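Q: I would like to go through this structure with you, one topic at a time. Shall we begin once it is on the screen?

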Amino acid sequence: MKIISSIDDLRDQLHGQLRTAFVPTMGNLHEGHLSLMRLARRHGDPVVASIFVNRLQFGPNEDFDKYPRTFQADVEKLEKEGVYVLFAPTEKDMYPEPQEYRVRPPDGLGNTLEGEFRPGFFEGVCTVVTKLFSCVQPRVAVFGKKDYQQLMIVRNMARQLGLPTEIIGAETYRADDGLALSSRNGYLSSEERAEAPVLYQQLNGVAEAMRAGERDPLAVERRAMEHLAARGWKPDYVSIRKRIDLQAPSAADLEAGTPLVVLAAAKLGNTRLIDNLEI
């Protein structure tokens with residue numbers, strides 16, 4: 001596996017490759033990330049991964065400085081997966097001058113759910129993903145469904161900007177107890193880790209209620225939030241949305257059986273977890 005930090009060197013290395021499959025990451029890789037590499041290989045060749053902790057998507061009080069960085073272990077995992085190139089730029093490589101040009105998603109999608117609680121997050125994501133796509137020029141790129149809103153925003157962005165990259169969504173990779181794998185799970189204490197699967201359990205409860213014919217989504221959301229709070233969580237949202245645009249479903253949508261997804265974000269101790277489940 002070749003490890004490259006320079007954008008120019010990366011372009012030279014990938015020159016003439018027409019079927020590149022790309023998996024962008026922030027490192028601290030776990031089995032969920034590695035499953036994305038395997039899916040990428042089924043859709044293209046060579047497979048290129050990136051590791052870059054993108055400062056633009058972190059708020060002033062978020063965990064940029066303490067975000068887990070495990071570069072050598074990540075390299076070993078990617079080598080075992082047969083990744084061809086690891087693009088691992090420094091901040092100076094990615095942003096040699098202040099990144100004054102930004103890519104901002106539309107307010108209706110970018111300022112709701114995660115965007116409401118993490119202002120500027122999706123602008124940072126869209127900006128770095130656009131820049132990474134420019135560097136790698138992949139035919140396909142793989143993103144996990146755990147970050148459901150992010151996947152939708154990136155997919156819409158690629159379509160609207162006419163980018164020559166197909167966005168592939170990968171199913172959420174879970175531990176045996178249902179917890180969605182995440183780099184931030186490493187922040188959990190042993191007691192918190194034992195409690196963490198409750199978030200997914202609540203998503204399943206919401207989904208079951210809606211499948212059973214519940215027609216008051218707000219009541220279902222409220223019950224789930226109250227249950228989490230009673231167990232010591234600090235929920236930001238449990239929200240039932242339409243899959244197509246992440247807007248709240250109307251009574252007519254519910255009657256018509258419009259495909260839905262329930263999304264949640266909540267703090268357990270000092271660790272903020274997100275998850276979702278299609279209904």
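Q: How do the residues of the lining of the second largest pocket divide into nonpolar, polar and charged?
A: This is a predicted model. The lining of its second largest pocket has 9 nonpolar, 4 polar and 3 charged residues.

Q: How much space lies in the second largest pocket?
A: The pocket holds about 220 Å³ of space.

Q: And which residues are the closest to its centre?
A: Of the 16 residues lining the second largest pocket, Ile51, Phe52, Val53, Arg69 and Phe71 are the closest to its centre.

Q: Changing topic, how many disulfides does a search of the whole structure find?
A: The count is 0 for the whole structure.

Q: Is Cys126 buried or exposed?
A: Cys126 is buried, at 1% relative accessibility. Cys135 is buried too, with a relative accessible area of 2%.

Q: On to charges: how many salt bridges does the search find?
A: The whole structure contains 19 salt bridges. One of them joins Arg272 to Glu114, with 2.7 Å between the closest N and O atoms.

Q: Where in the chain are Arg272 and Glu114?
A: They come from distant parts of the chain, 158 residues apart. Arg272 is in strand β9, residues 271-278, and Glu114 is in helix α6, residues 114-117. Both Arg272 and Glu114 are buried.

Q: What do the side chains of Glu278 and Lys145 form?
A: They meet in a salt bridge, at 3.7 Å from N to O. This pair also links distant parts of the chain, 133 residues apart: Glu278 is in strand β9, whereas Lys145 is in the loop between β5 (140-144) and α8.

Q: What about Asp245, which residue does it form a salt bridge with?
A: Asp245 pairs with Lys242, the closest N and O atoms being 3.8 Å apart. Asp245 is partly exposed at 28% relative accessibility, whereas Lys242 is buried at 14%.

Q: Which residues do salt bridges that share partners join into one network?
A: That network is made up of Lys145, Glu171, Arg243 and Glu278.

Q: How far apart are Glu81 and Lys242?
A: Glu81 and Lys242 are separated by 161 residues in sequence and by 35 Å in space, C-alpha to C-alpha.

Q: Where is Glu81 found, and what does it touch?
A: Glu81 is in the loop between α3 (71-80) and β4 (85-87), and it is buried, at 15% relative accessibility. Not counting residues up to four places away in sequence, Glu81 touches Leu34, Met37, Arg38 and Arg41.

Q: One more: which helix does Gln150 lie in, and what is it in contact with?
A: Gln150 lies in helix α8, residues 148-160. Leaving aside neighbours within four places in sequence, Gln150 is in contact with Phe121, Phe122, Val125 and Phe143. Gln150 counts as buried, at 16% relative accessibility.

Notes: Residues numbered from 1 in each chain as written. Predicted model: local features only at pLDDT ≥ 70, side-chain atom pairs only at ≥ 80, totals over all residues. Heavy atoms only, no water. Disulfide = S-S within 2.5 Å. Buried < 20%, exposed > 50% of the residue type's maximum accessible area, 1.4 Å probe, protein only. 1 Å grid on protein atoms, 1.4 Å probe; cavity = no way out; pocket = protein on both sides within 12 Å on 5 of 7 lines; lining within 4 Å. Points joined across faces, edges and corners; volume = space filled by probe spheres on them. Nonpolar A, V, L, I, M, F, W, Y, C, P; charged D, E, K, R; others polar. Helix = DSSP H or I, 4+ residues; strand = E, 2+ residues; numbered from the N terminus. Contact = heavy atoms within 4.5 Å. Salt bridge = Lys/Arg side-chain N within 4 Å of Asp/Glu carboxyl O.
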